[in-house]
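Have a look at the model first, then try each task before reading on.

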Amino acid sequence: MKKTIQPFNKKILDLVKKIPKGRVTTYLEIAKKLGNPGLARAVGNSLNKNPHFLKIPCHRVIKSNGEVGGFALGTDKKLKYLRAESVIVRNGRVLDFEELLYKFN
DNA sequence: AGTAAGGCGGGCA
DNA sequence: GTGCCCGCCTTAC
């Protein structure tokens, strides 16, 4: 098996790193940006397996339906970080996440 | 609303 | 090196 697919992860890292503070994005957006919406799982998988936590604000990435989704360190942590960035979270769901959604162009 | 199946990369056996 | 199972999801039944 070859090594880590650079384009895939790199793209994810690049996109996620570009998310402004207090802004969020969805796995779907990233997946679509990568060329295939079906990549959603693979996207989260990479963020989870890869120790990019110090470099990538994974907590700014949520599910496409507004739920914060999961988090390697714990969903509660994710909520905490989001709140710390002025993102209002209610019962695991981001309020007006559509407005906070950072769309890559 | 809940459950099941799906396409994709990564990690471990 | 190859194969199988899993996963921070999405969509359809």
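Helices here are DSSP runs of H or I with at least four residues, strands are runs of E with at least two, and both are numbered from the N terminus. This is a predicted model, where local features need pLDDT of at least 70, side-chain atom pairs count only at pLDDT 80 or more, and totals for chains, interfaces and linings use all residues. Residues are numbered from 1 along each chain as its sequence is written, chains are lettered from A and ligands numbered from 1 in the order in which they are written, and side-chain values use heavy atoms, leaving out hydrogens and water.

**Exercise 1.** Find which residues of helix α2 are buried, and what they pack against.

*Solution.* Step one: go through residues 27-34, and you'll find Y27, E29, I30 and A31 buried (under 20% relative accessible area; exposed is over 50%, partly exposed in between, with a 1.4 Å probe and protein chains only). Step two: look for contacts (heavy atoms within 4.5 Å). The buried residues of α2 pack against α1, β1, α3, β2 and α4.

**Exercise 2.** Work out how E29 and K32 are linked, and whether each is buried or partly exposed.

*Solution.* Start with the positions: both sit in α2, 3 residues apart, about one turn of the helix. An α-helix has 3.6 residues a turn, so residues three or four places apart point the same way. Next, check the atoms: E29 forms a salt bridge with K32 (a side-chain nitrogen of Lys or Arg within 4 Å of a carboxyl oxygen of Asp or Glu), and the closest N and O atoms are 3.5 Å apart.

**Exercise 3.** Locate two residues other than glycine with a positive phi, and say how accessible they are.

*Solution.* First, the background: most residues other than glycine have a negative phi. Now take N91, whose phi is about 50 degrees. N91 is in the loop between β3 and β4, and is exposed, with a relative accessible area of 70%. Then take D96, with a phi near 55 degrees. D96 lies in the loop between β4 and α5, and counts as exposed at 51% relative accessibility.
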